[in-house]
Amino acid sequence: MKKKIAVGSTVFITLICAVVIYLGLTQNSLLSKETPESESTRELGTATEESNGIIEYEPSTERIAFQEGKEERVREILKEQHENLNTLAGWGAVERLDHTSLAEQDKWRGLKADVEWLSQHGLAPSEAINDMKNAKVLMEVSEEHEDEMSVRYLHRIFHDLDAHVNETKVDKIWDVTYAYGSEGEIDKVYNYISDFR
């Protein structure tokens, strides 16, 4: 009887250890996908390989910086416009987007005004300024060419900035921002923009 209890206890402890190890491994991999703390593969302060000539980027060693007293408002705008773009472009909505009236929609005009305000008054010199430059050009491409993908990229910029700056929980990080992204994904956006310039 003591032998059966010892064997049973050993098996039970082994199973518990295996479950703990398994959960620990899967938890770490799940967290690394959900958290906006993904590591940038681009060195801050450098231009990406593809970004030469169409948009004048201002490399910075700061991911994001705020004008004095503007941090709270910048954070609010990033969150609000991420939510706005979720409605406009997220979950397949971009395929149903009426581009002919887009420039006349209040939410789109508000987005344009917010991008301009962030660029001129909210953000201090930092890589996030380059994200606003991309956002502005993507909005122009969308309006001029009735282009869906430019709205998707615009959404992804605000999605990633909101996730990183406000720590908003998201299911995926697109890595398309100068402030937090990877060179390969940033170059995809740049190459897409350059096709229209």
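Start by selecting Glu58, which is partly exposed at a relative accessible area of 44%. The model is a predicted one, so read each stop as a feature of that prediction.

From Glu58, go to Lys133: the two form a salt bridge, with 3.0 Å between the closest N and O atoms. This pair ties together distant parts of the chain, 75 residues apart, with Lys133 in helix H4 and Glu58 in the loop between helix H1 (2–34) and strand S1 (65–66).

Stay in helix H4 (residues 127–145) and select Asn130. Its relative accessibility is 0%, under the 20% cut-off, so Asn130 counts as buried. Show the side chain of Glu127 as well; a polar contact of 3.0 Å joins it to the side chain of Asn130. Leaving aside residues up to four places away in sequence, Asn130 touches Glu58, along with Tyr57, Pro59 and Tyr178.

Next, select Asp106 and Arg109 in helix H3 (residues 106–122), where they sit 3 residues apart, about one turn of the helix. Their side chains meet in a salt bridge at 3.8 Å, N to O. Asp106 is exposed at 62% relative accessibility, while Arg109 is partly exposed at 44%.

Move on to helix H6 (residues 183–194) and select Glu185 and Lys188, which are separated by about one helical turn. A salt bridge joins their side chains, 3.0 Å from N to O. Lys188 is partly exposed at 45% relative accessibility, and Glu185 is partly exposed at 26%.

Last, select Arg73, Glu76 and Glu80, which salt bridges with shared partners join into one network. The salt bridge count for the model comes to 9.

Key:
Residues numbered from 1 in each chain as written. Predicted model: local features only at pLDDT ≥ 70, side-chain atom pairs only at ≥ 80, totals over all residues. Heavy atoms only, no water. Helix = DSSP H or I, 4+ residues; strand = E, 2+ residues; numbered from the N terminus. Buried < 20%, exposed > 50% of the residue type's maximum accessible area, 1.4 Å probe, protein only. Polar contact = N/O pair within 3.5 Å; in protein donor to acceptor, adjacent residues only side chain to side chain. Contact = heavy atoms within 4.5 Å. Salt bridge = Lys/Arg side-chain N within 4 Å of Asp/Glu carboxyl O.
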